Amino acid sequence: MNSITSTEAEYAARAEGLHRSYRRGGSDIPVLRGVTVEFRRGTFTAVMGPSGSGKTTLLHCLAGMDRPDRGQVWWGPAAVHALPERRLARLRREHVGFVFQAFNLMPGMTAAQNVELPGRMAGRRPARTTVRDALARVGLAGRERQRPAQLSGGQQQRVAIARALVSRPRILFADEPTGALDRTTGTQILHLLRDTVDHHGTTCVMVTHDPAAAAHADRVLLLTDGRLVAELHHPTSHGVAEALAGLGGEA
């Protein structure tokens with residue numbers, strides 16, 4: 001019992017033996033082939049690999065947005081793989097944030113309305129001060145009433161991050177959060193994610209194709225052909241680029 005409690009306290013998320021295939025053209029195409037990985041609380045992990053390596057599928061399985069064919073996923077003590085869909089959705093709203101590359105903002109809503117939308121859908125509309133504080137935390141104080149079309153790409157991504165963080169999630173999953181941004185704006189977003197980990201104790205798991213982005217993380221997981229093949233700690237952009245080149249293909 002003590003060892004289980006210790007593991008639950010140490011890791012924000014864990015996965016064991018994840019397998020996932022998709023049906024294409026009458027055949028099952030394997031995407032994940034037995035991935036086992038753990039994410040310590042309050043750490044920043046980047047997931048990388050050649051195109052088709054399974055990194056986005058892994059992220060979606062870890063975030064409870066996709067179900068593995070086989071294998072297990074935990075968020076702390078919660079066995080995500082065993083939860084019915086309704087309980088999983090509730091747990092995801094309470095403990096997990098997700099940031100998409102395409103922002104996924106509602107164009108007819110203001111920044112504040114976009115941030116509060118998930119809470120409203122869950123029947124727990126956040127207080128105005130909570131929404132305002134979330135936007136201020138990402139550098140958008142005073143922008144509450146602006147709609148996405150009035151904001152730059154970087155500002156829209158900040159709104160998306162504020163939306164993901166407003167419920168103070170234990171785990172933040174980010175799928176190519178800087179992929180649609182210029183280098184300067186992308187770096188600002190990465191500093192924001194890093195600050196969320198360092199000063200708020202959030203566990204961040206980010207899929208990226210960019211070695212410079214991955215260098216902001218504490219470690220990098222490298223996938224190829226659906227398998228975890230390497231792990232880099234204290235990564236540098238040069239070291240990540242070399243490791244990716246050794247895998248072949250494009251990230």
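1. Start with E231: this residue is partly exposed, at 37% relative accessibility. Its salt-bridge partner is R219, with the closest N and O atoms 3.1 Å apart. R219 sits in strand β9 (residues 219–224) and E231 in strand β10 (residues 227–233), so the pair links parts that are twelve residues apart in sequence. R219 itself counts as buried, at 11% relative accessibility. Keep in mind that this is a predicted model.

2. There's also a network to look at: R20, D66 and D69 are joined into one by salt bridges that share partners. Over the structure, the count comes to eleven salt bridges.

3. Next, have a look at R40 and E10, whose side chains meet in a salt bridge at 1.8 Å, N to O. R40 belongs to strand β2 (residues 27–40) and E10 to helix α1 (residues 2–10), so this contact ties together parts that are 30 residues apart in sequence. R40 is partly exposed, with 42% relative accessibility, and E10 is partly exposed too, at 29%.

4. Then there's a pair inside one helix. R194 and D198 form a side-chain salt bridge, 2.8 Å from N to O. They are four residues apart in helix α7 (residues 183–200), which means about one helical turn separates them. As for burial, R194 has a relative accessible area of 17%; that puts it under the 20% cut-off, so it counts as buried. D198, at 46% relative accessibility, is partly exposed.

How values were computed. Residues are numbered from 1 along each chain as its sequence is written. This is a predicted model: local features need pLDDT of at least 70, side-chain atom pairs count only at pLDDT 80 or more; totals for chains, interfaces and linings use all residues. Side-chain values use heavy atoms; hydrogens and water are left out. A salt bridge is a side-chain nitrogen of Lys or Arg within 4 Å of a carboxyl oxygen of Asp or Glu. Helices (H or I, at least four residues) and strands (E, at least two) are DSSP runs, numbered from the N terminus. Buried means under 20% relative accessible area, exposed over 50%, partly exposed in between (1.4 Å probe, protein chains only).
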